[in-house]
Amino acid sequence: MQVKINFENIKSNVKKIKGQLNDGVKMCAVVKANAYGHGLAEVAQYIENDVDFFAVARFEEAMLLRSVGIKKQILVLNPLLPKSDVEIAGKYDITLTADGAENLQLFADNKVKIHLKVDTGMNRLGLKYLSEAKKLCLRCKQSGVIVDGIYSHFASTVNADPKMTFKQYRTFCKFTQTVKMHYPNVIAHICNTSGALCCPAFHCDMVRIGIGLYGYTDRKFFTLNPCKTVLAKVVETKRIKEGQTVGYDCKYLAGCEEDIAVLDCGYGDGLFREYGSGGQVLTNYGKMPIIGNICMDLLMIKNVGKQLKKGDTVILLGKCGKNFIRADEIAKICGTIPYEILCNLRNR
């Protein structure tokens, strides 16, 4: 199996999304989890001049970006790092997340910029009460901590639960007002791709764009360009007789004599086993269905018209002629979300 990334499409998506932002709003490109499976260093290098900020989940990701020459500001979203990482963050100008009073003096001593994380309803990370935020701001002031931002995270897409989204935004505004009394120049950000494209009133000072970079959004009638193509090779073709079965657990039973092809990809490459029930691939001869259970390294398809030969290439994700298979289509069959599909499908 082979994964190919269209970096020009990523750059095009950045441009399209920036065109939807309010004047003066910064764009933070979320490149955590290997840029959602698109290549952390490669994506960041390609779009650095087009964005204002990068966000990653882990400190090691931030250091990788610095090691390949990324100069833009980088925010590490996961809090509570060991002392050694905080010291390195100060040296390499990496912004850290704080959701409590831990390490405040360490932040100050190493001149580390921080963004305060507040919990507006997701109940995952962040300060939950305004009183906590007030106390933390006072302690940051006393310790000399550089508070550079405040942020939160929507629990769902705007279209999926607008009532919850509006409630979270109102809560975030209260936190932001409290923090700005102590740090008037903090960068406030809560919008993800959905919020940025569906609710311009929520843009604040910056938006964090993740899935939108890679071609997906829940905003209707707004087209982004998917950037990831996944290809596989035909390693075997054969004819099976009526009544013969294919694959583990004999899941597929041939109702007549038919031709099949075996492809060099499986769940070891990140393809979900569930995709064997209703999944398909694209070929130069049209779409062909997956049959049987997907194996670790291989999968089988119907070789419609006996047109595929050994060595031919087929597409699991991406475009072939006028046909297209998108990550959200695969996700629907597998009972998951496109984020997981994009992150999982990878070169070994």
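The largest pocket of this predicted model is lined by 32 residues. Lys32, Tyr36, His153, Asn192 and Tyr339 lie nearest its centre. A pocket here is an open set of points on a 1 Å grid over the protein atoms alone, with protein on both sides within 12 Å along at least five of seven lines; lining residues have an atom within 4 Å of a point. The elements that give two or more residues to this lining are helix H2 (32–37), helix H9 (193–198), strand S9 (206–209) and helix H11 (338–344). Helices (H or I, at least four residues) and strands (E, at least two) are DSSP runs, numbered from the N terminus. The volume of the largest pocket is about 890 Å³. A volume is the space filled by probe spheres set on the points, with grid points joined across faces, edges and corners. By class, the pocket lining holds 17 nonpolar, nine polar and six charged residues. Ala, Val, Leu, Ile, Met, Phe, Trp, Tyr, Cys and Pro count as nonpolar, Asp, Glu, Lys and Arg as charged, and the others, Gly among them, as polar.

Residues are numbered from 1 along each chain as its sequence is written, and side-chain values use heavy atoms, with hydrogens and water left out. As the model is predicted, local features need pLDDT of at least 70 and side-chain atom pairs count only at pLDDT 80 or more, while totals for chains, interfaces and linings use all residues.

The protein has 348 residues, and 50% of them are buried. Buried means under 20% relative accessible area, exposed over 50%, and partly exposed in between (1.4 Å probe, protein chains only). The secondary structure comprises 11 helices and 18 strands. The C-alpha trace spans about 80 × 40 × 35 Å along its principal axes. Of the contacts with a separation of 6 or more, 63% join residues 24 or more positions apart. Contact means heavy atoms within 4.5 Å.

Two cavities of 30 Å³ or more are present. A cavity is a set of grid points where a 1.4 Å probe fits but cannot get out. The largest cavity has a volume of about 80 Å³. Its lining includes Pro79, Leu80, Leu81, Val86 and Phe107. Strand S5 (residues 94–98) gives the largest share of this lining, three residues. The lining of the largest cavity divides into seven nonpolar, three polar and two charged residues. The second largest cavity has a volume of about 50 Å³. Lys117, Val118, Asp119, Met122, Asn123, Arg124, Leu125, Ser152 and His153 line this second cavity. The classes in its lining are three nonpolar, three polar and three charged.

Strand S5 is mostly covered, with five of its five residues buried. Ile94, Leu96 and Ala98 point one way, and Thr95 and Thr97 point the other way. S4 (73–76) and S5 pair in the parallel sense over two bridges. Two strands pair if DSSP finds at least two bridges between them. Leu75 has Thr95 as its bridge partner in S5. S4, helix H5 (residues 83–91) and S5 form a right-handed β-α-β unit. A crossover is right-handed if, with the strands pointing away from the viewer, the path from the first strand over the helix to the second runs clockwise.

S5 also pairs with strand S6 (residues 113–117), in the parallel sense and over three bridges. The chain passes from S5 through helix H6 (residues 104–109) to S6, a right-handed β-α-β crossover. Thr97 has His115 as its bridge partner in S6. Leu96 stands opposite Ile114 of S6.

Strand S6 is likewise covered on both faces. Lys113, His115 and Lys117 lie on one side, Ile114 and Leu116 on the other, and all are buried. S6 and strand S7 (residues 146–151) pair in the parallel sense over five bridges. Lys113 has Ile146 as its bridge partner in S7.

Lys71 sits in the loop between helix H4 (59–67) and strand S4 (73–76). Lys71 is exposed because its relative accessible area is 69%. Beyond its neighbours within four places in sequence, Lys71 is in contact with Glu48 and Arg66. Lys71 and Met288 are 217 residues apart in sequence and 46 Å apart in space, C-alpha to C-alpha.
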